[in-house]
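I am opening a notebook on a structure that is new to me, and I want to go from the whole chain down to a few of its elements.

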Amino acid sequence: MPNEADTCRKFVLPKLYAAGWNDDQINEQRTFTDGRIMVTGTKVTRRPQKRADYLLRYKQSFMIAVVEAKSALKNSRDGLQQAKEYAQILDLKFAYSTNGHGIAEHDFLTGKERDLETFPSPEELWKRLHGQLGLDEEQSKRFLSPSLPIPGKPLRYYQEIAVNRVIRSILKGKRRILLNMATGTGKTDVAFHICWKLWNTGWNKKGEPRRPRILYLSDRSILVDDPKDKQFASFGDARLKIQGEAIKSREMYFATYQAIAKDERRPGLYREYAPEFFDLIIVDECHRGSARDESNWREILKYFDPAYQLGMTATPLREENRDTYSYFGNPVYSYSLRQGIDDGFLAPYRVHRIITDPDATGWRPTKDEVDRFGQPIPDENYETSDFEKIVVLKARTEAIARSITDFLLRTDPFAKTIIFCVDQEHAEEMRHAVTKFSEDFVRQYPDYAVRIVSDEKEIGRGHLSRFQELETVTPAVVTTSKLLTTGVDMQTCKNIVIVRVINSMTEFKQIIGRGTRVRDDYGKLWFSILDFTGSATRLFADPDFDGDPIDPPIEIPLGEDIPTPKEPTEYTDDGPIYPPPEAGEDKRKVKYYVDNGRFGIAAHFVYELDSSGKQLRVVKFTDYASEKIRDMWTSAADLRSHWSNAEERATILETLAERGISLEQLAETSGQPDADPFDLICYIAFNSPLRTRRERAENLRKGRVDFWEEYKPEARRILEEILDKYIEYGTAQFKMPEILKVPPISEHGNVMEITEKFGGTDQLRSALEKMQSLLYAA
């Protein structure tokens with residue numbers, strides 16, 4: 001019977017060749033996602049990847065159509081729905097389905113579907129699309145120009161879309177452009193390819209015969225040093241980091257705001273460049289101040305107003321970053337955290353909500369209690385938001401550190417872990433406490449736990465560099481305040497620990513982004529969040545957390561009173577420093593240090609993303625499994641009708657795994673390691689009587705003598721030995737021919753010899769199927 005592969009090989013390729021497509025333009029059997037990562041207990045699997053039968057490219061850098069092929073026995077339109085779905089994901093305007101004979105087309109430009117006998121040629125599709133793009137001939141050449149291939153790092157589908165959307169916007173004269181891409185999805189890679197295409201084709205805003213002058217701007221040294229030295233290395237001597245002197249002989253410039261902004265000592269280095277000097281300015285992490293009306297960083301962007309300006313952010317529209325969207329406009333493309341996790345490019349997470357005694361009940365000083373320095377502590381009830389800002393409880397810090405180190409001992413003591421603290425002082429106290437409870441590791445690795453903050457300067461940067469390296473063992477635990485919240489690539493970070501209150505959704509998403517990188521080759525497929533302040537569980541519950549793409553565009557009213565924070569008086573790599581409070585604000589800046597007391601952990605809850613990836617659920621695994629099983633089968637009898645068949649049972653197990661249900665974990669969490677899988681499922685979901693595998697096997701042995709009498713003595717012994725394997729290991733032992741190669745069954749001969757004892761392969765298979773059916777008869 002002909003299948004899809006036959007259709008592709010015999011019919012589709014010849015039709016594509018006949019229409020003028022060549023091998024460089026035809027991407028056959030191309031996967032474009034990695035498949036969502038599913039974590040069940042400690043077991044990790046991936047859902048199937050999205051794979052198109054054919055992706056058609058007009059040019060190397062521009063995909064134009066998708067083709068889905070079906071068997072020659074099916075209708076030519078049977079694959080059109082799937083082709084349309086893929087086209088929408090891939091930002092394509094032409095989708096095709098074929099059975100090798102007929103061809104069905106959906107044109108997203110016109111909304112029309114039609115049946116065809118031949119595929120359109122590349123030039124025909126480009127001609128149909130070209131009018132919609134709105135580019136002239138010269139602009140089209142630049143748009144279609146190839147980017148620089150990076151060996152081993154091809155652009156992912158959404159990165160290619162982002163590059164093309166931005167290039168097209170620039171070529172059409174759009175001067176303020178915004179990209180919204182989740183942390184960990186490769187914004188810097190996208191920025192490089194945008195710059196390379198514009199630079200390599202000689203684009204500039206005036207149309208002069210020269211390459212463009214581009215400024216890559218951010219607010220932290222690491223956010224410009226890393227791109228300059230890594231992703232943008234191909235620009236060679238065209239690169240320059242602006243620091244201290246306004247050099248004007250290069251083309252690819254990098255700078256921090258702090259290096260070129262005005263301050264008390266200078267009017268601003270940026271003014272030594274003419275307003276028209278730069279053709280394009282890329283603002284990384286643009287949500288952090290650059291577009292705020294009151295910010296002197298905004299002054300830089302206004303000064304270079306003639307330049308095209310591209311803002312890159314990982315955060316969707318919210319009140320706190322509304323000014324960014326007002327300045328740059330709606331994103332030309334968005335790729336959210338949920339999309340990244342669903343595609344398998346970003347790691348899913350498990351949240352541990354851990355509550356210390358004082359966080360659970362509050363803390364109140366005793367009468368006339370004084371702190372470490374003899375200061376009387378005001379008689380109030382202090383809560384989580386007050387700790388480390390007003391009251392510093394040494395015992396609370398140690399309880400948190402002990403909980404963290406216990407967690408690492410249970411999981412992996414050398415799993416790279418970032419602890420986000422209230423301030424630099426708190427980061428040092430937490431480092432000291434973690435070291436105290438990790439003496440066995442610190443004895444061998446003195447830098448097991450370190451602090452990385454701006455005060456550490458070169459020492460901190462050295463620790464950061466080693467922490468980022470893939471092969472280094474230590475530092476394993478780093479404490480920080482603000483420095484590592486954003487823009488720092490932590491590919492193997494497995495634990496994010498939150499010990500300060502986070503109210504900003506923007507900042508929270510940046511922090512979570514430290515853990516979302518995936519590295520299959522280093523076993524980094526998911527990460528844990530240890531939340532000691534309730535910030536994660538509260539912000540995850542916010543319906544705006546995920547940041548779905550804004551579609552349709554949101555109109556942002558201009559001229560509204562948008563609250564803006566005070567202008568920082570100083571900028572450091574650890575974040576901005578703000579002036580003291582004004583009249584009417586809380587002036588209390590004194591901290592009270594309490595060294596006595598002892599606290600423990602009052603509660604520990606574990607949350608996981610549900611199988612839909614849309615919400616967190618408290619992990620009581622048996623309850624979750626029960627609910628999902630009842631959604632799929634109405635009763636134990638309904639499930640039994642499918643279970644006894646090996647192929648249907650495999651489908652059932654696969655379906656359960658896709659919903660995050662592992663039979664091994666179910667047996668472990670329910671305390672029933674010897675239960676038959678079928679009985680365990682029915683027990684959990686339908687409250688059916690629980691039987692062990694041994695009980696079922698003995699019932700078959702003693703209750704169905706007629707079954708055993710059907711077979712000769714040696715064949716009967718083989719079946720009994722397979723049944724013994726089932727008792728010991730479960731239903732996987734019924735798999736043919738693998739079970740025939742396992743002792744003591746294999747002692748009866750090779751696979752061929754064993755099957756002959758039953759009269760042939762079909763008879764042996766029939767015997768095993770009948771045995772399974774009888775095993776689950778009641």
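The entries below record what I looked up, beginning with the whole protein.

**Entry 1, the whole protein.** I note at the outset that this is a predicted model. I counted 28 helices and 27 strands in the protein, and I found that 54% of its 778 residues count as buried. Looking at contacts between residues at least 6 apart in sequence, I saw that 70% of them join residues at least 24 apart. The protein exposes about 35,000 Å², of which carbon and sulfur atoms supply 47%.

I then traced an open sheet of seven strands, whose order is 11-12-10-13-14-9-15 and whose pairing is parallel. At its edges I found strand 11 (239-241) and strand 15 (333-335), each of which pairs on one side only, and the twist from one strand to the next averages 15°.

How do helix 3 and helix 4 lie to each other, roughly parallel or roughly perpendicular? The axes of helix 3 (residues 122-133) and helix 4 (residues 137-144) come within 12 Å and cross at roughly 105°; since angles of 65 to 115 degrees count as roughly perpendicular, the two helices are therefore roughly perpendicular to each other. Helix 3 brings W126, H130 and L133 to the contact, while helix 4 brings S140, F143 and L144. Sorting the residues of this contact by class, I recorded four nonpolar, two polar and no charged ones.

Note on methods
Residues are numbered from 1 along each chain as its sequence is written. This is a predicted model: local features need pLDDT of at least 70, side-chain atom pairs count only at pLDDT 80 or more; totals for chains, interfaces and linings use all residues. Side-chain values use heavy atoms; hydrogens and water are left out. Helices (H or I, at least four residues) and strands (E, at least two) are DSSP runs, numbered from the N terminus. Buried means under 20% relative accessible area, exposed over 50%, partly exposed in between (1.4 Å probe, protein chains only). Contact means heavy atoms within 4.5 Å. Accessible areas come from the Shrake-Rupley method with a 1.4 Å probe; for residues, only the protein chains shown count as cover. Two strands pair if DSSP finds at least two bridges between them. Axes are lines fitted to C-alpha atoms, for helices over the stretch in contact, and angles run from 0 to 180 degrees between N-to-C directions. Angles under 35 degrees count as roughly parallel, over 145 as roughly antiparallel, 65 to 115 as roughly perpendicular and the rest as oblique. Ala, Val, Leu, Ile, Met, Phe, Trp, Tyr, Cys and Pro count as nonpolar, Asp, Glu, Lys and Arg as charged, and the others, Gly among them, as polar.
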